[in-house]
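Student: Can we go through this model together? I'd like to start with the chain-chain contact.

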Amino acid sequence: MNVIQDQLLAISGRLERPSGVPANALASLRVFLSASLIQQNPGALPIQPDSGVDAVINEAAAKGAVLAAKLAETATRVRVLRDCYVNPAVTPERPTHVFGPFVDADGSLVQFAVFESARFLTVQLTLPAPFPLVTEALMLLPAESSSNDGNRTFSIPPGTVWLRARFVIGNTPGYVGLRVKNGTLKIDRAAQPRPGNSIGVTTRSQWSLALEPEQPPEPDGNGSDANGLTVRLPERFDVLSTGVSQVNGRIVISGFGSDLEFPDTLGAPFADADSITFPYNAGDALWSIDGNLSSAAQLTGECRVISAAWTLPLNKLPLNTFGEAVHGGSLRLRLRDGLESRMRGAAGTFTWFDTILTANGPGCFTRRSTSSVLGAQRN
Amino acid sequence: MDQGVSLDAQQAASSARSEIDLWTPAHTDAVFAQESIGRLLFTSLRDGRDVALVNGGAIRNRWDLPLTAAGKPFSYEGKIELFAVIAESTGLLRVACAAIQQPGNPVSSQKEKSHETSSAYIASGYCRLLFNYPSRNGAE
């Protein structure tokens, strides 16, 4: 049996589709799995149908080969992340597809997220002439970013920006990323064109990056708590080559419990393993909720807001796997006491202590690190 | 899924319990009152699912299978690792549960049972349940 068919069977052979999941979900997942496996094992091509293997596996392997060839035309890397359906990890990137839930062989409920690398304008840090060697990728800008003044000022269109995190907080590994509405990169001397869609900026250059984070969509009244939510993120995020960063603009949440607004930033940003936090002054704010839209749980109570912040995710995967950032950042509140909930189908209540509220993004399920079953490994 | 909201507590207490009839005559009690609760999580995803999740509590199964050598069902008592109510955007409600058996109460045989709307697995002391609300006898 070919290694692709073998691994397809090992990963997906015993998955079952519970009620409510589209009939083609498993077949579609297997095509992406196959393409990802082929990228990892290019020597496995060509894949011959194996009469000892289920026809659906043979078909997925064949379609995966076609998809892998198509992705190769644009140098797109694909990876597939298997995760718990009820509690998936937060990822810094936006998946291009999510398949599931499926019931795995041990009865666990799982989903598979597909991530595809995106095209960027890469800004390289280089040593000064006469030996302009690249030291590192300083930032990734939307591929359509352009300059009208001889590569001193770059206009950044809507898209994703990934920036070396150490320019926001010293010694922080990885890249901090966000979706932006627009932005500007200014350099004190002309950047040098480099092979591929990249430019070189010398280590002696002074530069400034001004970004307007992409705001979350407006509420649409579709009935869930997330669909009824309004979140406002900071209006501007500035970073200088000297390692100074500044956030401007209020953060706001409304439509889920009482409305809250935090106008003022508070102190320096700090980093943890998966994100950078930009603190805001929480004042003496209280947050209360008296029922919500969800049929899974009902929430009531009043809490003191201990801290408020805007957070951005960190990406520590290999650079050639980077895709679109998941969002323009998250609003995060720390709440003290006072919150109760009732779970559907259960008698009695749950009392919450020391609660983190996160808004925007796909909801903060966990803060644990992600691991990919296929594709990139962490740096 | 561009937007969502979540609440996540690493400390919690509870007075709750949930009684679940998976299929006749299989009955499960999930008890959270006076049990250690490691985490509570509520998440709502834009155009996606809502999840209410508990890490902690105790589960007791009274199922028709598996049977002991004497022809009696094995008892099963375990600690809940995860108990979640999932409200899909389509209106479908699921419940998922994973538990690990407490020492001194072994289940040596395996059980896998699936209905159209429910499935249950016990193997080597590990128990997983997945079913849709309302279950056969109405778990509410």
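**Contact between the chains**

Tutor: The contact takes 50 residues from chain A and 53 residues from chain B, where two residues are in contact if their C-beta atoms, placed from the backbone, lie within 7 Å. This is a predicted model, in which local features need pLDDT of at least 70 and side-chain atom pairs count only at pLDDT 80 or more, while totals for chains, interfaces and linings use all residues. Residues are numbered from 1 along each chain as its sequence is written, and chains are lettered from A and ligands numbered from 1 in the order in which they are written.

Student: Which strand of chain A gives the most to that side?

Tutor: β24(A) does, with 10 residues. β21 (297–315), β23 (339–343) and β24 (350–359) of chain A each supply at least two residues. Strands here are DSSP runs of E with at least two residues, and helices are runs of H or I with at least four, numbered from the N terminus.

Student: How does the side of chain A that touches chain B divide by class?

Tutor: It has 25 nonpolar, 21 polar and 4 charged residues. Ala, Val, Leu, Ile, Met, Phe, Trp, Tyr, Cys and Pro count as nonpolar, Asp, Glu, Lys and Arg as charged, and the others, Gly among them, as polar.

Student: OK, chain B. How many helices and strands?

Tutor: Chain B has 0 helices and 11 strands. In chain B, 53% of the contacts with a separation of 6 or more join residues 24 or more positions apart.

Student: And what are those values for chain A?

Tutor: Chain A has 3 helices and 24 strands. Buried residues are 46% of its 379, and residues 24 or more positions apart make up 65% of the contacts with a separation of 6 or more.

Student: What about its radius of gyration?

Tutor: It is 23 Å over C-alpha atoms. A compact globule of 379 residues would have a value near 21 Å, so the two agree; the rule is 2.2 Å times the number of residues to the power 0.38.

Student: What domains does chain A have?

Tutor: Domain 1 (3–116) and domain 2 (213–359), with bounds from an automatic or database domain assignment. Their centres, over C-alpha atoms, are 32 Å apart. In the contact between them, 9 residues of domain 1 meet 10 residues of domain 2. The domain 1 side divides into 3 nonpolar, 1 polar and 5 charged.

Student: Switching to cores: how many residues has the largest nonpolar one?

Tutor: It has 112 residues, and those with the most contacts inside it are Leu141(A), Val161(A), Ala84(B), Val85(B) and Cys97(B). At least three of its residues come from each of domain 1 and domain 2 of chain A. A nonpolar core is a set of buried Ala, Val, Leu, Ile, Met, Phe, Trp, Tyr and Cys residues joined through C-beta atoms within 7 Å.

Student: What does Leu141(A) touch?

Tutor: Leaving out residues up to four places away in sequence, it touches Phe120(A), Leu121(A), Val123(A), Phe154(A), Ile156(A), Val161(A) and Leu185(A). A second, separate core of 23 residues includes Ile11(A), Ala35(A), Ala68(A) and Val78(A).

Student: What covers the buried residues of α2(A)?

Tutor: The cover includes α1 (3–12), α3 (55–73), β1 (78–84), β2 (97–103) and β3 (109–116) of chain A. Among the buried residues of α2(A) are Leu29(A), Phe32(A) and Ala35(A).

Note on methods
Buried ≥ 20, exposed ≤ 12 C-beta atoms within 10 Å, placed from the backbone.
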